[in-house]
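Load the model in your viewer and switch to a cartoon view.

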Amino acid sequence: MMRNIGLAILSGILLIIAWPPIGLTPLLFVAMVPLLYVLYDLSSIKKAFLYIYMAFFLWSLGTMYWIANTRLDSSGFAVVLAAFILIPLFQALPMLLLVGVRKVFKSYQLWLFLPMIWCSYEYLHSKWELAFTWLHLGFGLGSMPFLAQFYELTGYLGGSVLVILINVLVLFLIKEAEYRKRWSIILAGTFVAILTLNFILYNSEGKGRGTAKVAVVQPNEDSYQIVNQESLHRKVEAIKSDLLTLKGKGVELVVYPEGYIRTTPNYPFIINNPESTELVQSIRSAAEEADLAVLIGFVGFRVFPEGAAPSSAVAVGNGSYASGYNAAMLIAPETPAQIQVKNNLVPFMERVPFLDWTSYFETLRLNLNQAKASYTPDDRTKVFRYKNLRIAPLICLDALFPDYIRSFKAGTPNLIAIIANDGWAGKTSGFGQNADYAATSAISFRKEVVRSASTGISLTLDERGSVKNSIPWNKSDIIIENVTLKNGDTLYEIFGSYIGVVAVMITFGLFIAFFLKARKM
């Protein structure tokens, strides 16, 4: 038993060092082999759960420890503890399911179903209120973009399938000595096929129509800065100063990070009619003088009459309710302000799950956001437009939901802008992971990416996911970059997560076969 525990721990350690930002990415293809070796002919569900949970708990703790480095109250620590318990529990389900199925179907080659079962888990997990895709395996290839070029065909789920498949093939190579030559050929063929495909796609030239000069700002600010009228005034003046400094340099777009304009219920930015606010008017005057557009992350509020307010709204008197939004806004000359709300909100930190079902859960929120209540999604997408720019604005976690990014397709975007506030957890692994994940968006949609972070890693990426320019942690700077505006749709953009749908169908079919066989026993 101690040997099995040791192998499970080894898998957890290998997953940690294979994951960004350490990013010894090739280890992902063998990281689960020690755990699978233990599970290969194990029939005890209880023992299997122990080993699986141990490996994935260690992986979660070693890669997401930074969550506990945020400034939490006692309820916050309870929620973080629950997260560290639940994440590996969800991750354990695919392997646990296959161990259970093998008790009925004795064939060892059932392990070849694991890639599809795992893919089903990731696909379904991205579709519910507790969705948090941070450790979905396909994102792990983001730190070595060459290995992920086929994402334009499959999305990141294709990467998850590949990682699990290679691990299973290596397992067979070790365990099935009688058929070692066969599995060696299949494993080598898989590697040659995927590397050849990546090489071809990496060297393919996408459709580009024109360029634009973009300035990406990393202000290097304190994410816990106290918000008051004076701090808001300083932010607006800083933006105006930056815009006027860039005047005459050919810059068409300036990008600021998530939540750069942070307001609270005591000092709100009301977005019912943004054009009437002093904030927008002041920034617009500078944007028009500099002849450029500015994309700014902000926290604002929308006021609703009683009976029309969403479940996260709070009473503000006179029969009115206000709801907070984490959003992005484009202010451009001779164009009304354009607003996009963040729709993929961090569970509990930004929105309490299942809030529409019962308001009781709102008492469980973490007091990390400026609204002091759950933010509100609106489930709509808007492509920001200015001159030749058609920008898909993604706010932090939005970038980890590629099916959501696909919803911008109707607006035919030619540039992806990711804005993030990476300073919440300090100088930990979180900001590096978040930056590495951006490559998967660039590749899946073959669009160049500009990424502005409050501090952390602001960068620009080409359509292959390669870094063109970047700003390191704890540095205030501005990147000025000529970006190519890419047109055309990738196969993934057209068909979406078809691999996830197929995986769910295969997994469901395996379930049916399992129950039918079990009934006959």
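Start with the open sheet of 6 strands, ordered S8-S9-S10-S11-S12-S13, with mixed pairing. Strands are DSSP runs (E, at least two residues) and helices likewise (H or I, at least four), both numbered from the N terminus. Two strands pair if DSSP finds at least two bridges between them. Strand S8 (384-386) and S13 are the edges: each has a single partner strand, so one side of each lacks a neighbour in the sheet. On average, neighbouring strands are turned by 20 degrees against each other, direction ignored; axes here are lines fitted to C-alpha atoms, and angles between N-to-C directions run from 0 to 180 degrees, with helix axes fitted over the stretch in contact.

A note on the source: this is a predicted model, where local features need pLDDT of at least 70, side-chain atom pairs count only at pLDDT 80 or more, and totals for chains, interfaces and linings use all residues. Residues are numbered from 1 along each chain as its sequence is written, and side-chain values use heavy atoms, leaving out hydrogens and water.

Next, select S12 (residues 458-461). Ser-458 and Thr-460 point one way, Leu-459 and Leu-461 the other, and all are buried (under 20% relative accessible area; exposed is over 50%, partly exposed in between; 1.4 Å probe, protein chains only).

S11 and S12 run antiparallel, joined by 3 bridges. Val-449 stands opposite Leu-461, and Val-450 has Thr-460 as its bridge partner. The hairpin has 4 residues between the strands, and Gly-456 there takes a positive phi near 130 degrees.

S12 and S13 pair antiparallel over 4 bridges. Thr-460 stands opposite Asn-469. This hairpin has 5 residues between the strands, with Gly-465 at a positive phi near 85 degrees.

Move to the helices. Select H5 (residues 114-125) and H7 (residues 156-175): their axes come within 8 Å and cross at roughly 145 degrees. Show side chains at the contact (heavy atoms within 4.5 Å). Trp-118 and Glu-122 of H5 are among the residues there, as are Tyr-156 and Ile-164 of H7.

Last stop: Thr-154, in helix H6 (residues 151-154). Is Thr-154 buried or exposed? Thr-154 is buried, with a relative accessible area of 12%. Not counting residues up to four places away in sequence, Thr-154 touches Gly-159, Tyr-492, Tyr-498 and Ile-499.
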